[in-house]
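Hi everyone, thanks for coming along. Let me put the structure up on the screen, and then we can walk through it together.

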Amino acid sequence: MRHEKTVAIVTGAGHGIGKAIAAQLAREGAAVGVVDIDAAGGKATVELLIDGGAKAHFVGADITDFAAVEAAFADIAAKLGAVTLLVNNAAFSDAGSLETISLDGWHREVNINLNGTYHCIRAIVPAMRAAGGGSIVNIASVNALRYFGNPSYSAAKAGIISLTQSVATEYGAAGIRCNAVCPGSVRTDNVTWTIRQQKDPDVFKKLARWYPVGRVAEPSDVAAAVAFLGAPEAAYISGAVLNVDGGLTAGMNVMIDDFILEAR
Ligand SMILES: NC(=O)c1ccc[n+]([C@@H]2O[C@H](COP(=O)([O-])OP(=O)(O)OC[C@H]3O[C@@H](n4cnc5c(N)ncnc54)[C@H](O)[C@@H]3O)[C@@H](O)[C@H]2O)c1
């Protein structure tokens, strides 16, 4: 029960990785506020957490709207208590390449993924400062570190790493820790993976060979890392970028298979 004193907000917890993060934190004792633009998904997650015996509360908000984020966070604090952990997980991408992206598409993805994350940080810092500290975990991506398609999303995720370092440095003395997690491919039904699976139903199976551990991630793999970074045992970890990528960015597995001819 590492999180029995935690009051968490998880953005985008109506689906996929955010839902797994909310469930893991709740299992470890946290009260969890869910903020999502999708009311049906967000409410379903909160029902799941409450059925499991946790305290939870849903507020619908679009993270690109700063006033809506402030109101949602105030509502959650009023229902669950002062927020000690913010997980910036909500995100969106549907734009595959520089060649095909529209100007609006570029702006939309930077706005949701980078500005939305900034809005949530800006909204939580005054309360965390007043409480003497807190923890923020930002979900970035391996796309922040190398190019794997989705250029606007990737630029926004790289910006999230810089933002993580700014927050960790500026607010460390206020007791606020801030870290980022970079997942590789995670089996979810988000918009990007839905498009890719429609083109190739075996996409996750094919991708497995790029991962030294031999598989893509499950949402629970990312949730485990977030629960650790947000817990008291990570008290001295701030400004870190933790790859949860099965070794993808450690080397060039498939290329090595092409030039090392003896069995590995
Ligand atoms: N799935 C992957 O392979 C993968 C890989 C690396 C990083 N990530 C990151 O993990 C996180 C979760 O990804 P996922 O695959 O679970 O995505 P998902 O699409 O399944 O879930 C994202 C959630 O965010 C919500 N959301 C979207 N826009 C919003 C907005 N403007 N305001 C509020 N809520 C909004 C959606 O309604 C949804 O519930 C994201 O930050 C994503 O970039 C995912």
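Let's start at the side chain of Thr188, where an N or O atom lies 2.7 Å from an oxygen atom of the ligand. That is a polar contact, meaning a pair of N or O atoms within 3.5 Å. This is a predicted model, where local features need pLDDT of at least 70, side-chain atom pairs count only at pLDDT 80 or more, and totals for chains, interfaces and linings use all residues. Residues are numbered from 1 along each chain as its sequence is written, and side-chain values use heavy atoms, with hydrogens and water left out.

At Asn89, a backbone N or O atom sits 2.7 Å from a ligand oxygen, and at Ile17 the corresponding distance is 2.8 Å.

How much of the ligand does the protein bury? Alone, the ligand exposes 830 Å², and the protein buries 91% of that (Shrake-Rupley areas, 1.4 Å probe).

Finally, zoom out with me: the C-alpha atoms fill a box of roughly 60 × 40 × 40 Å along the principal axes.

Key
Polar contact = N/O pair within 3.5 Å; in protein donor to acceptor, adjacent residues only side chain to side chain.
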